[in-house]
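Here is a walk through a protein–DNA complex, to be read with the structure in view.

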Protein chains: 2
Amino acid sequence: MDGLHTPEGERSTEADLLDCVCTNVRMASRVLTRYYDEVMSPSGVRITQLATLAAVAYHGPFTMKVLARALFMDRSTLTADLQPLAAQGFITIVPGEDRRTRMITITDGGLNAIQTALPLWRQAQSHIERDLGQARLGALLGELREVVESAQSQ
Amino acid sequence: MDGLHTPEGERSTEADLLDCVCTNVRMASRVLTRYYDEVMSPSGVRITQLATLAAVAYHGPFTMKVLARALFMDRSTLTADLQPLAAQGFITIVPGEDRRTRMITITDGGLNAIQTALPLWRQAQSHIERDLGQARLGALLGELREVVESAQSQ
DNA sequence: CACAAATAGGAGGATATCAACCTATACAAA
DNA sequence: TTTGTATAGGTTGATATCCTCCTATTTGTG
């Protein structure tokens with residue numbers, strides 16, 4: 001019954017690792033991203049890009065630092081993520097009054113991209129909502145928020 | 001009260017996007033990965049690498065295809081992910097009997113790396129467990145599994 | 001004012017992730 | 001056996017992600 005490569009006494013360790021919060025969330029992240037991206041592919045906008053565009057559109061303009069914090073990501077990650085969005089003309093990046101900063105602003109093209117992607121995003125989201133129900137889904141997002149807070153509290 | 005850059009009638013759209021399952025899971029993935037990686041950094045093993053090593057150690061040897069499926073990731077992703085593990089001597093990649101395949105096997109160095117990383121992983125995991133409790137955490141992982149199934153059911 | 005400390009952001013390098021295409025091997029049908 | 005199809009993996013190119021430095025600008029202190 002024991003696998004050849006399962007050292008003695010490692011069984012409980014294996015079970016523990018199967019419950020790794022980080023690994024399980026990353027797995028879900030992979031599967032969900034593949035799914036949303038596939039459904040949204042006709043729009044040419046990825047789910048990661050829609051999230052960034054929406055943040056800028058509904059709460060911008062932002063500096064890099066503030067936007068990165070809003071998205072819970074590293075500033076240098078945001079620098080990379082914004083390149084394709086700026087190249088497509090969905091956002092503009094211009095120096096702020098404080099010349100150290102850059103102001104990120106949505107463009108008409110960016111608003112347009114959001115509107116194009118939204119129906120497809122709704123389609124993907126609705127599929128998950130139908131299967132789980134809004135109540136369980138809302139609870140899940142709440143629990144995720146708590147996990148995030150726990151991980152951030154040092 | 002209204003932000004200057006929130007177009008009229010977009011309020012519900014914004015609220016909808018805030019509840020995007022994929023975006024929220026990705027956010028949690030970023031924060032959790034940063035946290036686990038920081039705690040585990042003295043071991044030199046990342047949480048992503050520990051997950052892969054553990055799968056190979058406890059259930060391998062695997063072919064690329066089977067391991068990729070077990071980790072819910074693309075085969076080409078796995079090809080890239082295995083490079084640093086092979087370079088450090090934690091796994092071996094050798095042709096299988098079917099010469100199209102490659103068998104991925106854990107090495108003594110790989111088992112050693114797991115043992116070195118485990119206490120630090122436990123430390124990170126325990127912190128989350130303490131804050132949320134095992135019951136809620138178990139439920140969260142269960143809900144994530146359902147979301148994954150929903151996203152994979154086409 | 002001059003200089004030191006703090007802050008904002010970018011560059012470089014490494015890993016993670018996928019889709020699309022390509023090659024090598026195995027299998028199956030004629 | 002030959003040929004065609006199916007399968008396993010790799011390569012390429014793009015995006016995503018982080019950390020560690022580095023530069024430019026601001027602010028604070030003498």
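In this predicted model, the surface near DNA strand D is made of 13 charged, eight polar and four nonpolar residues. In total, 25 residues surround DNA strand D. The closest of them are A:T48, A:S76, B:R34, B:K65 and B:T79. Which part of DNA strand D faces the protein? Of the atoms of DNA strand D that come within 4 Å of the protein, sugar and phosphate account for 78%.

Several contacts with the phosphates can be picked out by residue. A polar side-chain atom of B:R34 lies 2.4 Å from a phosphate oxygen of DNA strand D. The side chain of B:T79 has an N or O atom 2.7 Å from a phosphate oxygen of DNA strand D, and for the side chain of B:R30 the corresponding distance to a phosphate oxygen is 2.8 Å. The element that gives the most to the surface near DNA strand D is α5(A), with five residues.

Now turn to the other strand named here. DNA strand C has 25 residues around it, and A:R30, A:R34, A:K65, A:T79 and B:T48 come nearest. Sugar and phosphate make up 78% of the atoms of DNA strand C that come within 4 Å of the protein. The surface near DNA strand C holds 13 charged residues, along with eight polar and four nonpolar ones.

Contacts with DNA strand C include both phosphate and base atoms. At the phosphates, a backbone N or O atom of A:M64 lies 3.1 Å from a phosphate oxygen of DNA strand C. At the bases, an N or O atom in the side chain of A:R100 is 3.1 Å from a base oxygen of DNA strand C. An N or O atom in the side chain of B:S76 is 3.1 Å from a base nitrogen of DNA strand C. The elements that each give two or more residues to the surface near DNA strand C are α2 (21–40), α4 (64–70) and α5 (75–87) of chain A, and α3 (47–59) and α5 (75–87) of chain B. Here α5(B) supplies the largest share, five residues.

How are the two protein chains related?

The contact between the chains takes 65 residues from chain A and 67 residues from chain B. Because 100% of the interface residues of chain A are also interface residues in chain B, the copies meet through the same surface. The size of an interface is often given as the accessible area lost when the parts come together. Between chain A and chain B the buried area is about 6300 Å², and carbon and sulfur atoms give 65% of that area.

Polar links also cross this interface. There are six salt bridges between chain A and chain B. One of them joins the side chains of B:R136 and A:E143, at 2.9 Å from N to O. Across the interface, 23 residue pairs are in polar contact. On the side of chain A that touches chain B, at least two residues come from each of α1 (11–18), α2, α3 (47–59), α6 (108–132) and α7 (134–152) of chain A. The most come from α2(A), with 16 residues. By class, the residues on that side of chain A are 34 nonpolar, 17 polar and 14 charged.

Some points of backbone geometry remain. Most residues other than glycine have a negative phi, and most peptide bonds are trans. In chain A, a cis peptide bond joins A:G60 and A:P61, with omega about 0 degrees. A:P61 sits in the loop between α3 and β1 (62–63) of chain A. In chain B, B:G60 and B:P61 are joined by a cis peptide bond, with omega about -5 degrees, and B:P61 lies in the loop between α3 and β1 (62–63) of chain B. A:F72, a residue other than glycine, has a positive phi, near 60 degrees. The place of A:F72 is the loop between α4 and α5 of chain A.

Key: Residues are numbered from 1 along each chain as its sequence is written. Chains are lettered from A and ligands numbered from 1 in the order in which they are written. This is a predicted model: local features need pLDDT of at least 70, side-chain atom pairs count only at pLDDT 80 or more; totals for chains, interfaces and linings use all residues. Side-chain values use heavy atoms; hydrogens and water are left out. A residue is near a molecule or strand if one of its heavy atoms lies within 4 Å of it. A polar contact is a pair of N or O atoms within 3.5 Å; within protein, one must be able to donate a hydrogen and the other to accept it, and residues adjacent in sequence count only if both atoms are side-chain atoms. Helices (H or I, at least four residues) and strands (E, at least two) are DSSP runs, numbered from the N terminus. Ala, Val, Leu, Ile, Met, Phe, Trp, Tyr, Cys and Pro count as nonpolar, Asp, Glu, Lys and Arg as charged, and the others, Gly among them, as polar. Contact means heavy atoms within 4.5 Å. Buried area is the accessible area (1.4 Å probe) that two parts lose on being put together, summed over both. A salt bridge is a side-chain nitrogen of Lys or Arg within 4 Å of a carboxyl oxygen of Asp or Glu.
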